Structures are given as structure tokens and as C-alpha cells.
Amino acid sequence: MSLKKDTRPKTISDHEGTIILKLLKLLGNEIIEWVEALFRFMPGRLGDGARRLWLKKRFRMSGKMSCSTGCEFFGAENISFKGLVGIGANGFFSARGGSIQIGDNSFFNRDVHINADIGGRIIIGENCLIGPKVIMRTATHRFEKKEVNIKDQGHQSADIVIEDDCWISANAVILCGVHVGRGAIVGAGAVVTKDIPSMAIAVGVPAKVRKYRGDQSIL
Ligand SMILES: CC(C)(COP(=O)(O)OP(=O)(O)OC[C@H]1O[C@@H](n2cnc3c(N)ncnc32)[C@H](O)[C@@H]1OP(=O)(O)O)[C@@H](O)C(=O)NCCC(=O)NCCS
């Protein structure tokens with residue numbers, strides 16, 4: 001029996017090749033995440049500039065955009081910003097499954113949660129102000145079946161539309177399917193379950209129209 005050493009160069013099998021490719025892809029994604037995290041948290045003017053460039057690469061953007069530190073964007077291909085848009089610190093925008101469309105000159109205070117995952121659209125018009133910690137989500141859990149855990153019953157989704165010139169104040173929650181008319185104001189802490197007419201000022205839980213802009217009489 002010959003004990004000669006096999007000196008032929010080793011070839012990589014298909015299986016090993018697949019594993020290497022998978023690892024390289026994983027590494028590539030990790031590197032992208034690290035670079036994005038760097039952009040996300042970079043302070044100062046340099047950070048503002050870097051984020052502007054990064055966002056321009058990632059989004060369908062037709063104007064200038066400013067974005068503070070700590071913001072997260074998921075499903076970027078389904079998010080569009082038209083014109084000048086400003087986003088405060090820690091904004092969360094997610095459109096994996098649905099879409100988000102923001103109009104010119106609209107501004108988001110810090111810690112907003114704008115979520116069109118699973119389905120449905122969030123359309124925010126021009127010249128809108130979205131206060132700190134506002135939540136908008138197009139999907140809601142289904143819970144009709146008592147014998148099935150809520151988490152296993154899936155979701156249903158519906159569009160949220162905020163027309164031009166609206167002010168959605170701090171901590172308001174806009175539920176799926178709600179349409180807020182042009183020029184309307186939603187008060188701090190309101191939970192909006194139904195449509196709000198144009199120029200109305202709606203407050204409370206659930207949000208009810210108390211008056212109309214330019215009209216002092218309280219309903
Ligand atoms: C909605 C808002 C703009 C209304 O202001 P306004 O027209 O001056 O309202 P008024 O103070 O005349 O209040 C009218 C009635 O609504 C009630 N009200 C006002 N804001 C309310 C709110 N957020 N939630 C529940 N009730 C509210 C008032 O108590 C008053 O009720 P009453 O007649 O029974 O006493 C204001 O109250 C508000 O919520 N501002 C948001 C502030 C904020 O979030 N700032 C963060 C920066 S975006």
C-alpha cells in the first residue's frame with residue numbers, strides 16, 4: 001500500500017462553494033448595516049451632510065431632506081419624499097409591504113413611528129406638522145377567533161391619509177383607515193379612530209371634533 005502524500009491542488013466542491021457564497025453575502029450585509037449605523041448616528045454638520053447623501057442614494061427623493069440622528073428606514077424602495085422634508089431624531093419609517101409617501105415642506109418632530117408594513121399606504125400631504133411620538137400604522141391585528149392566539153390571526157390593513165396643512169400634535173395615534181382632511185388639527189394625545197373633516201380641531205380619546213379653525217364656538 002502506497003503512503004504517498006496527495007499533492008494535487010484541492011478543488012472546492014459545489015456544497016462548499018455555496019457555503020462560502022452565503023458567508024460572503026452575510027458579511028456584505030453586515031458591513032452595509034455597520035456603515036448605515038455610522039451614517040445614522042454621525043453627529044454635527046458632517047453627519048447631516050452624510051445622511052443627506054445616504055438617503056438620496058436609498059430613496060425616491062425629488063427634493064432636499066434633512067434627517068436627525070438615530071432614524072431608521074425599512075422598505076426604503078416603498079418610501080418616497082417629495083420636496084423638502086425634515087425628520088427629527090429617532091424617526092422610524094417602515095414600509096415593508098405597504099408604502100409611505102410624504103409631500104413637500106412637511107416636518108416630523110422626534111420619535112415618530114410611521115409604519116406601513118404588511119400593507120396599506122400612508123400618504124401625508126404638503127406643509128404638514130407631525131408632533132413628537134406620533135404613531136401611524138396601516139395594519140391592525142385580527143382577533144375575531146377566541147380560540148386562536150391574537151398573534152396567530154394575522155393582520156388587516158387600510159390606508160391612512162393626512163391631507164395638506166395638517167397638524168398632528170404630540171403623542172397622537174392615528175389608526176388604520178383614517179382620513180384627516182385638509183387643514184385639520186389633531187390634539188395632543190388623541191387617538192383618531194374615524195375620519196376628521198377639513199379644518200376641524202379634534203381632541204381626546206377617541207378623537208372628537210371640538211371646533212373648527214377660525215370659528216371660536218366649541219362643539
Ligand atoms: C388641539 C389644540 C391645538 C387646541 O388648542 P385650542 O384651540 O387653543 O383649544 P382650547 O384650549 O380652546 O380647548 C378647547 C377644548 O378642548 C379641550 N382640549 C384642548 N386640547 C385638548 C387635548 N389635547 N386633549 C383633550 N382635550 C383638549 C380643552 O380642555 C377645551 O375643553 P373645554 O371646553 O371642555 O374646557 C391644543 O389643545 C393641543 O393639543 N395642542 C398640541 C400641543 C402639542 O402637542 N405640542 C407639541 C408640538 S407639536
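Start by selecting Val 192: leaving aside residues up to four places away in sequence, Val 192 touches Ala 172, Val 173, Ile 174, Leu 175, Val 178, Val 186, Ala 202 and Ala 207. Contact here means that two C-beta atoms, placed from the backbone, lie within 7 Å. You are viewing a predicted model, in which local features need pLDDT of at least 70, side-chain atom pairs count only at pLDDT 80 or more, and totals for chains, interfaces and linings use all residues. Numbering runs from 1 along each chain as its sequence is written.

Together with Val 192, Val 186 has the most contacts inside the largest nonpolar core, a set of 42 residues. Such a core is made of buried Ala, Val, Leu, Ile, Met, Phe, Trp, Tyr and Cys residues joined through C-beta atoms within 7 Å; buried means 20 or more other C-beta atoms within 10 Å of a residue's own, exposed means 12 or fewer, and partly exposed is in between. Among the elements that give two or more residues to this core are E7, E10, E15, strand E19 (185-186) and E21. Strands are DSSP runs of at least two residues, numbered from the N terminus.

Next, colour the open sheet of six strands, ordered E3-E6-E9-E12-E17-E20 with parallel pairing. Its edge strands, E3 (72-74) and E20, each pair on one side only; to count as paired, two strands need at least two DSSP bridges between them. Zoom in on E17 and E20, which are joined by two bridges in the parallel sense, with Val 173 opposite Val 191 in E20.

Move on to E10 (residues 121-124). Which residues lie on its covered face? They are Ile 122 and Ile 124, while Arg 121 and Ile 123 make up the uncovered one. E10 pairs in the parallel sense with E7 (residues 99-102) over four bridges, and Ile 102 has Ile 124 as its bridge partner.

Then select E21 and E22 (residues 208-212), an antiparallel pair with four bridges. Ala 200 sits opposite Tyr 212. The two strands form a hairpin with four residues between them, and Gly 204 in the turn has a positive phi of about 95°.

Finish at Ser 198, in the loop between E20 (191-192) and E21 (200-203). Why is Ser 198 classed as partly exposed? Because it has 15 C-beta neighbours inside 10 Å. Beyond four places in sequence, Ser 198 touches Gly 181, Arg 182, Gly 183 and Ala 184.
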